[in-house]
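This report describes a protein model in terms of its strand pairing, its chain interface and its charged side-chain pairs. The sequence and structure come before the discussion.

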Protein chains: 2
Amino acid sequence: MRQMHLGLFLLGTGSHVAGWRMPGAVTSFQDIAAIRAMAAQAERACFDLIFMGDNLYADPDAHPSYTLRLEPLTMLAALAMTTTHIGLGATVSTTYSDPWSVARAFASLDHISGGRAAWNAVTTSSALAGANFGRVHPNHAERYAVAGEFLDVVMGLWDGWADGALVADRATGQYLDPAKLRVLNHNGPHFQVKGPLNIGRTPQGRPVILQAGGSEPGLDLAARSADVVFSVVQDLGEARAQYAALKSRLARHGRRPEDVSVLPGVMPVVGRTEREALDKLAVLQGFINPQNARMLLAERLGVNLDAHEMDAPLNAVPLKEGSHGFTQSLLNKARRDNLTLRDVYNLLGAARGHWVLCGSAEQVADTLQAWFEGGAADGFNVMPSHFPDGFEDFIELVVPILQARGLFRTRYAGPMLRDQLGLARPPSPF
Amino acid sequence: MRQMHLGLFLLGTGSHVAGWRMPGAVTSFQDIAAIRAMAAQAERACFDLIFMGDNLYADPDAHPSYTLRLEPLTMLAALAMTTTHIGLGATVSTTYSDPWSVARAFASLDHISGGRAAWNAVTTSSALAGANFGRVHPNHAERYAVAGEFLDVVMGLWDGWADGALVADRATGQYLDPAKLRVLNHNGPHFQVKGPLNIGRTPQGRPVILQAGGSEPGLDLAARSADVVFSVVQDLGEARAQYAALKSRLARHGRRPEDVSVLPGVMPVVGRTEREALDKLAVLQGFINPQNARMLLAERLGVNLDAHEMDAPLNAVPLKEGSHGFTQSLLNKARRDNLTLRDVYNLLGAARGHWVLCGSAEQVADTLQAWFEGGAADGFNVMPSHFPDGFEDFIELVVPILQARGLFRTRYAGPMLRDQLGLARPPSPF
């Protein structure tokens, strides 16, 4: 029976902009003990992976509770030692990194974790990043052209050493087998990388590739190279359309629909009853600071909102079309439902543009099942409002229902992330 | 009483080129379980820090047992979770990295480890690195000009957030204190970096800075910014000269001699008797593969040796002056002692140009004490030939003697690396 894949999204104190104000909630995403506890929660529930989002600037006005954080690769490497089975995904940009270093770091994470590494390859949407790297932020098309070549180089570097290269024969003194090494000599328009890496083929052959781009070039890149795709959607219809858009692209890259798992992001707010869940959401929403939410909205829309009443419809604000998946999905919803600016910033504050699913445990499980069986999802990227309670509710109340229905595993399928995802290890390259 | 500082150098299977051939020796530096055991050995002996060397290419002919390794930052982040007190130093290049990412990663390591992070800032000596980054390797002067500015930017970024920036007041909803933030806006010849970091001021205020450059610009940079300097020397005279060269430069940067610890690298080969130690060294040297050692020597000297007899004196080979600390120290010794090429490659194979100290535990302790008290060292960068035994001999036989003489600690001075090094936490910047 086909089963769901569940990922835990980590960034800041939780996905609700003010979730940290809940009683007992974690207030710092620089606290490795608290983050270690989040990973332990997810592993106890047999989640496929934890996945840390990222961006490359600090924007304390629009994103206060996302501002201060650990760096993804060091954080996931630390968590590799405190967990045993769960996958470890880190976001690293193809626009502001170099492929040799990225290939090397994820190979290292895969070795350290015994085959649990995943790279969330992003092109970095915000132009604010450029100023920290002394560069003008490249436009969307250029970022995706670079990303495609970047991924090719990384894959080529991962395939530079075959299995069995490390011989270490004490009797003969032979340490390496030179026949197990292939020099890449990549020479492309954006990158010239000789190789090989100074780290051998990894437990998974290649670390798992995650992607999230919802634009046309983003979908193409994902169809070519991703193992898991995170989608940003507001409702079932949009989720189905995105799901179909990705899956239909796979054949042209010689891939099958089951080769890529599509996981919509969802912030679950769960109660023992629907009433209890709605009350929790009301408390969370009541914590939103209107000034902060307004700045967050302005930043996401890329426009100044000072001249606009918060009770005016979003449709009255002149907008340019963005390339940001979050914003696009929210924009679609706002236009369709004629939402006011206040409505939109409340949605944005709740889960930064992701789908909010509020209800009793049965209702939440029913809806996830309907999406999973209705051509909208292969699982979900779970984005708790806050920790530990916002996540514990999901684990304690919803996961057992999914498991009882046979929709989610009760124990790990093997030691590696590829085992949980049902992905074969790529054959040794030569 | 002044006490020694001891660091454990990690790179490859050990510092002897063929140490992995010893019975029971670790044969893979990609094996986190084995590396974790090395860190545990060092922490059991109250070492100040472990420190991972690095370079940015694979050279399997000259450096087989150094070729395949974990990436330093991910490796040290993992070890942060398996250790409690020992400092964690990682080598990262100022030539092939960007300062925003480096500042961020080491800040993260400092948070994760509770104040035990150290950055070994190197400029990368080998031109082989350039080919993995699509760049022509910059010359020595240019690398050091870049490194100086790079360090300024990293320090500025570390000082971008003051203590107490994270408020997280549940009642008012204030998450950050904007008065605790300073935007860097660095605009220099090599780097333009706006800042701030998306990670707050670290437990140590600033991670500790390690450096190893022995050239004039290297000494200047170290005098300006390093907390610990690793030196590459062959004998007491050279060690004294290097020690004085560094310490005498400190005043012009407003620093005191005790602000910087100088730790010569040493590969100890220890026995219960001198005979036993000499026998161990003979076994190790017998494992050297002459073909490999010859390539290592050619690579280090930067010349082709095919036309030269191995029993010819090194003085007969035309050499250009290099900037490589390792080679320079060996060259000095080879010229002074009129060594043959075979002599030199045997030295190079033993500890890659570092000082080899072979003797009974008492003899080794006596020599270390003489250097420590004789104006040549503030401690040592211990480079075991292989693991675990090559290191265990030092820990079990030599460290207790140093401790009995009051020359080395018997327990950690505090939770942070600065505590072990006797360095004050830099005051909060504003």
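## Terms and basis

A salt bridge is a side-chain nitrogen of Lys or Arg within 4 Å of a carboxyl oxygen of Asp or Glu. Side chains of opposite charge can pair when their charged atoms come close.

This is a predicted model, in which local features need pLDDT of at least 70 and side-chain atom pairs count only at pLDDT 80 or more, while totals for chains, interfaces and linings use all residues. Residues are numbered from 1 along each chain as its sequence is written, chains are lettered from A and ligands numbered from 1 in the order in which they are written, and side-chain values use heavy atoms, with hydrogens and water left out.

## Salt bridges within the chains

Over all chains, the rule gives a count of 60 salt bridges. One of them pairs A:D378 with A:R2 at 2.9 Å, N to O. A:D378 lies in the loop between helix 12 (361-373) and strand 11 (379-382) of chain A, and A:R2 in the segment before strand 1 of chain A, so the pair ties together parts that are 376 residues apart in sequence. Helices (H or I, at least four residues) and strands (E, at least two) are DSSP runs, numbered from the N terminus. With buried meaning under 20% relative accessible area, exposed over 50% and partly exposed in between (1.4 Å probe, protein chains only), A:D378 is buried at 7%, whereas A:R2 is partly exposed at 40%.

In chain B, a salt bridge joins the side chains of B:R2 and B:D378 (2.9 Å, N to O). B:R2 belongs to the segment before strand 1 (5-10) of chain B and B:D378 to the loop between helix 12 (361-373) and strand 11 (379-382) of chain B, so that distant parts of the chain, 376 residues apart, are linked. B:R2 is partly exposed at 41% relative accessibility, and B:D378 is buried at 7%.

A further salt bridge connects A:R342 and A:D311, whose closest N and O atoms are 3.0 Å apart. A:R342 sits in helix 11 (residues 341-351) of chain A and A:D311 in the loop between helix 9 (290-301) and helix 10 (325-337) of chain A, and the pair links distant parts of the chain, 31 residues apart. A:R342 is partly exposed, at 33% relative accessibility, and A:D311 is exposed, at 52%. A network of salt bridges links A:D159, A:D163, A:R201, A:R206 and A:R425.

## Parallel strands in chain A

Strand 1 (residues 5-10) and strand 2 of chain A run parallel and are joined by 4 bridges; two strands pair if DSSP finds at least two bridges between them. Strand 2 is also joined by 4 bridges to strand 3 (residues 87-93) of chain A, again in parallel. A:I50 is the bridge partner of A:L8 and also that of A:L88 in strand 3.

From strand 2 (residues 49-52), A:L49 and A:F51 point one way and A:I50 and A:M52 the other way, and all are buried. Strand 1, helix 1 (residues 32-44) and strand 2 of chain A form a right-handed β-α-β unit; right-handed means that, with the strands pointing away from the viewer, the path from the first strand over the helix to the second runs clockwise.

## The interface of chains A and B

In chain A, 65 residues are in contact (heavy atoms within 4.5 Å) with 65 residues of chain B. The two chains bury about 5,500 Å² between them, 63% of it on carbon and sulfur atoms; buried area is the accessible area (1.4 Å probe) that two parts lose on being put together, summed over both. The rule finds 2 salt bridges across this interface. A:R104 forms a salt bridge with B:D54, the closest N and O atoms lying 2.6 Å apart.

## The surroundings of A:T67

A:T67 is located in helix 2 of chain A and is buried, with a relative accessible area of 1%. Leaving aside neighbours within four places in sequence, A:T67 is in contact with residues of both chains, among them A:D59, A:P60, B:W161 and B:N198.
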